[in-house]
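Subject: A structure for you to look at

Hi there,

I am passing a structure on to you, along with some notes on what turned up in it. Have a look at it first, and then read on below.

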Amino acid sequence: MVSFVISKKNIIIAIFMLVAVLTRLVPHLPNFTPVTAIALFGGLYISNRILAYALPLVIMLISDLFLGFSSITLFVYAAFLIVTSIGMLRKKPSIFTIFLGSLSFFIVTNFGVWILGYPKTWTGLAECYTLALPFFRNSLWGDFFYSGIMIVGFNFVQKHYLQKVK
């Protein structure tokens, strides 16, 4: 079990995730981050289910220790688990998979925003999601950008350096 977790492939995956999470520390557009891409990447490429869920969460937790936590952190982490599940179920990266991850992250995290900060009415829910749409646009761009870089980069490394590793 330990040798499976500490395989060359999993080390490379962890490096890709760590590099991606470091971009959260540089100035960026609101919500143009690698957050969803990291969770999706873990679900797509880590075959050990426990590691697929744990590694992205641990990496985000460490970065959140530096950036700070928010009132919706639990919803963000729950969305992370859902996005990782999407990657595990879909098995292959695609534009649809990335969009599905983005959409689920948007729905879960903004539901948390509604629960914690808006009137508990249909109008409050609609207002919450409507006001979040500009941030969703940036999230989509960020998710496609970071997912694309991580997927293409990892496929290149896997093809040229990890050919026999599964």
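The average pLDDT of the protein chain is 91, and 95% of the residues score at least 70. Confidence is highest in α6, at 97, and lowest in helix α1 (residues 2-5), where the mean is 55. Where pLDDT is low, the predicted coordinates should not be read in detail.

Next, a pair of helices. Helix α2 (residues 8-22) and helix α4 (residues 49-67) have axes that come within 10 Å and cross at roughly 30 degrees. Angles under 35 degrees count as roughly parallel, so α2 is roughly parallel to α4. Their crossing is right-handed. On the α2 side, the contact is made by N10, A14, M17, L18 and V21. On the α4 side, L51, L55, P56, I59, M60 and S63 take part. Sorted by class, this contact has nine nonpolar residues, two polar ones and no charged ones.

Finally, find P93 in the loop between α5 (73-90) and α6 (95-117). Leaving aside residues up to four places away in sequence, P93 touches L44, Y45 and I151. Take L44: P93 and L44 are 49 residues apart in sequence, while their C-alpha atoms are 6.9 Å apart in space.

Enjoy exploring!

Best wishes

Note on methods:
Residues numbered from 1 in each chain as written. Predicted model: local features only at pLDDT ≥ 70, side-chain atom pairs only at ≥ 80, totals over all residues. Heavy atoms only, no water. Axes fitted to C-alpha atoms, helices over the stretch in contact; angles between N-to-C directions. Helix = DSSP H or I, 4+ residues; strand = E, 2+ residues; numbered from the N terminus. Parallel < 35°, antiparallel > 145°, perpendicular 65-115°, else oblique. Left-handed = near helix turned anticlockwise from the far one by under 90°. Contact = heavy atoms within 4.5 Å. Nonpolar A, V, L, I, M, F, W, Y, C, P; charged D, E, K, R; others polar. pLDDT = per-residue confidence, 0-100.
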